[in-house]
Amino acid sequence: MSAQSCGSAASLRFCGDDLDPDELTRLLGCQTTKSERKGEEIVDKGTGNKRTARSGGWRLSAERREPGDFDAQISEIFDRLTDDLNIWQDLTSRFRADVFCGLFMEEGNEGISLSNETLQKLAERGLTIAFDIYDGSDA
């Protein structure tokens with residue numbers, strides 16, 4: 001089933017108490033979209049609220065798509081990063097890592113799929129995939 005009128009968002013995420021964002025940026029070969037070190041004070045740009053990072057984090061996001069296209073978004077992310085699977089194995093053994101996918105539906109019965117190529121790239125890198133699905137009636 002393919003996405004009709006739904007939108008999609010995708011991000012690569014790493015998380016860990018001893019995560020150094022500069023190390024991941026250097027090893028993966030790309031600047032992060034958002035990162036923090038454990039204990040760092042984070043100020044919400046919208047509200048000005050402050051919080052302390054409970055863990056280190058490194059995220060790289062793709063452009064949101066309408067209609068949704070997780071394959072293109074995941075390729076957009078991986079195309080910016082190293083293909084060295086030894087680096088990926090090292091990072092995914094030390095940190096929690098996944099590709100987060102958000103699906104924003106217009107109606108209650110829409111869908112989207114992932115290609116075999118995308119699934120293979122995720123598996124080769126030791127990444128899980130996490131989905132959040134938002135029904136259009138929530139708007």
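Ground rules first. Residues are numbered from 1 along each chain as its sequence is written, and side-chain values use heavy atoms, without hydrogens or water. Because the model is predicted, local features need pLDDT of at least 70 and side-chain atom pairs pLDDT 80 or more, while totals for chains, interfaces and linings use all residues.

Cysteines, then. The structure has zero disulfides, a disulfide being a pair of cysteine sulfur atoms within 2.5 Å. C6 is in none; its nearest cysteine sulfur, in C101, is 12 Å away. That is too far for a bond. Are these two residues buried or exposed? C6 is buried, at 0% relative accessible area. C101 is buried too, also at 0%. Buried means under 20% relative accessible area, exposed over 50%, partly exposed in between, with a 1.4 Å probe and protein chains only.

Now the sheet. It is open, with five strands in the order β2-β5-β1-β6-β7 and mixed pairing. Strands here are DSSP runs of E, at least two residues; helices are runs of H or I, at least four; both are numbered from the N terminus. Two strands pair if DSSP finds at least two bridges between them. The edges are β2 (34-36) and β7 (128-134), each pairing on one side only. The twist averages 20° from one strand to the next. Axes are lines fitted to C-alpha atoms, for helices over the stretch in contact, and angles run from 0 to 180 degrees between N-to-C directions.

Look at β2 and β5 (residues 56-61). They run antiparallel, joined by three bridges. S35 stands opposite W58 in β5. Helix α1 (residues 21-28) packs on the sheet, touching β1 (7-16), β2 and β5. Contact means heavy atoms within 4.5 Å. The direction of α1 makes about 40° with that of β5.
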